[in-house]
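Visitor: I have a new model to look through. Can you walk me through it in short steps?

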Amino acid sequence: MALTHNSEKYDPKNPALKWFNDRLPLLSFGKEHFVDFPTPKNLNYWWTFGMILALCLGVQIVTGIILAMHFTPHVDLAFNSVEHIRRDVNWGRIIQGTHAVGASMFFFAVYVHIFRGLFYGSYKAPREVLWMLGVIIFLLMMATAFMGYVLPWGQMSFWAATVITNIFAAIPLVGEPILQWLRGGFAVDNATLNRFFSLHYLLPFVIAAVVMLHIWALHIPGNGNPTGVEPKDSHDTVPFTPYATIKDLFAVSVFLIPFAWFVFFAPDILGHPDNYIMANSQVTPPHIVPEWYFLPFYAILRAIDFNILFIDSKLGGVIFFAGSILILFFLPWLDVSKVRSGSFRPMFRIFFWVFVLDFLLLMYLGAQPAEGIYVTLAKVATAYYFLHFLVILPVVSRIETPKPLPTSISEAVLAKPA
Amino acid sequence: MIKAKTILMAIALAGLFSAPANASGTAGVEPKFSDWTFGGLFGTYDEHQLQRGFQVFREVCAACHSANLISFRNLSEEGGLNYSESQVKALAAEYTIADPASLDGERSGIPADRWPAPFATEQDARDANNGALPPDFSVLAKARTVQRPGLGWIMNYFIAYQEGGPDYVYNLMTNYAEAPHDVEIPAGQYYNAFFGGGIAMAPPLADGLVTYDDASVPMTTEQYAKDVSAFMMWMAEPHLIARKELGFKVLIILSAFAVLMYLTKRKLWSNVKH
């Protein structure tokens, strides 16, 4: 790559390493991609969430592998086996708490990461594939988190599994067979728990594989940056190591503080009390509420309570629910502005923050009972969610006059007040 | 400008962390929030209170409620009731445990045994309780909560409010009353103002019902309710103290590490205009 600081081929001095590297250039590869990789020097802390997310995935996989050694995926035993982990397994309550809280921290970080991408136009050419791989990772995360939540086999686990698998029944003609195929029977039961356990173990490794593609796709054009102006020469960049690595490590250690706060001082506060009641197919909880990170999409699912032409409300809800995420795949072509960074787009910037508020409103509404004013608000917020992508972004990107861009990152940096 | 806004957004996101799901608490009377010794960052169990709560559980609640995840040995664990091992051994020996491998199908208990359930099967439990099933106590204190009024749920994340369960149990125990004239209570149920109607459980506590060894502790329904609520919290979270102690060490180390990383980062970047 043209911008590489130290572009000569890495040649290990040690003869054994050299012998190895000549046959499999793993060391050269590592040096090129994890040390020399040119990183824009003006990245702010919102860019550290990539490393934070890598850490989250690692933490979930390591704690998850240990939990799987002590967990029993059977309807009669699963609930108590989680309690067994908390009570009797050495370090079990810390490992289990970290895994449960870790899911929330993972989603918190991924939302920051996604919204950072939305603001700074990280989805724009030439990074469309990088962005789309990110959306795939997000979808895989949702599937993994959902199935993981079912495993403790509490009341919310069971009813979440019932409600969410039911979504597939809305598909015309093949819905019912698909539903039975997913559940492994006519209702959520032992077969469902077993396959969810199997898939919950599998998917994180699929995520890891897509993450590698995501990083590969990142290393072709290199990082975006807050100005949205591509680096011109090596004055605009610093080597990834030590500059970005140390900065990322600082961010990671700050991120771990609230993480530890929840694990050690409030491990259950992000969950739901009903999940401490063992699953019971005969008793429906008064309010079935997903974990906080699914609330915006749950609100969208519930907002469609009316038929649209020949589409009944159930299928309509599912279409909007799926559409709310799938629409992200088309984002690079919905926003046609040549300017990447929201910092130089006065109109876009306002709408970006309105969209953030809309998303938070949906999150709030997802937790409320579907009655009264909440229903109306959810419909308005859902409509705005789609309006943002389908109307506001295409129109704003055509009519807005962006502010003048700096000619280079270095110029932008020098212009900053000290 | 972006910074201020983005930080606000981050705070808003953090605040909405698992927004107020539903309360398992009910819309009867306003709940009373007690000042639990194990609440907050520095809270620890009061072993005397746990021992009294255990006494209430053993003499009153255990007649109908099981505690299947609790073993006798848990009673001598550190950070809990702190009974001695010989006390627990003697206590366990008072109970007869069904054990098909024993000569007569039963034997006296040992510390490794689980707390014996009052009924052999769920059906037996229902038959003895007018069709209602007395829930198992093991994690019950975590399966209930009390909703704070208004936006109190936001505060919960910052004070690490984990005492919803004991608050629920305490309020339930202390709000049995005569049913108001306009409330119809089905036969076999009892009016509880906190529960917001009829409940299958008869008022379990009464002043003077349990005789405490320590004469300085009032023998009132309120005191029993408080003690047994604390004991139920211990059953649901027996290692709360150890968890918090480790938490302090982790937070201190992480904070120190973050400071060191910040200084390293600052030194490293000092020669780069960024």
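Guide: Let's start where the chains meet. About 5700 Å² is buried between chain A and chain B, and carbon and sulfur atoms give 74% of that area. Buried area is the accessible area (1.4 Å probe) that two parts lose on being put together, summed over both. A word on the source: this is a predicted model, where local features need pLDDT of at least 70, side-chain atom pairs count only at pLDDT 80 or more, and totals for chains, interfaces and linings use all residues. Residues are numbered from 1 along each chain as its sequence is written, chains are lettered from A and ligands numbered from 1 in the order in which they are written, and side-chain values use heavy atoms, with hydrogens and water left out.

Visitor: Which three residues supply more of chain A's buried area than any other three?

Guide: Arg87(A), Phe265(A) and Trp353(A). Together they supply 14% of the area that chain A buries against chain B.

Visitor: And how many residues are in contact?

Guide: 64 residues of chain A touch 63 of chain B. Contact means heavy atoms within 4.5 Å.

Visitor: How many salt bridges are there between chain A and chain B?

Guide: The count is 2. A salt bridge needs a side-chain nitrogen of Lys or Arg within 4 Å of a carboxyl oxygen of Asp or Glu. Asp268(A) forms a salt bridge with Lys142(B), with the closest N and O atoms 3.1 Å apart.

Visitor: Which helix gives the largest share of chain A's side?

Guide: H10(A), with 17 residues of the side that touches chain B. Helices here are DSSP runs (H or I, at least four residues), numbered from the N terminus.

Visitor: Why is the pair of Phe115(A) and Phe359(A) edge-to-face?

Guide: Because their planes are at 65 degrees, with the ring centres 5.2 Å apart.

How values were computed
Rings of Phe, Tyr and Trp (its six-membered ring) pair if their centres lie within 6.5 Å; planes under 30 degrees apart count as stacked, over 60 as edge-to-face and the rest as tilted. Helices (H or I, at least four residues) and strands (E, at least two) are DSSP runs, numbered from the N terminus.
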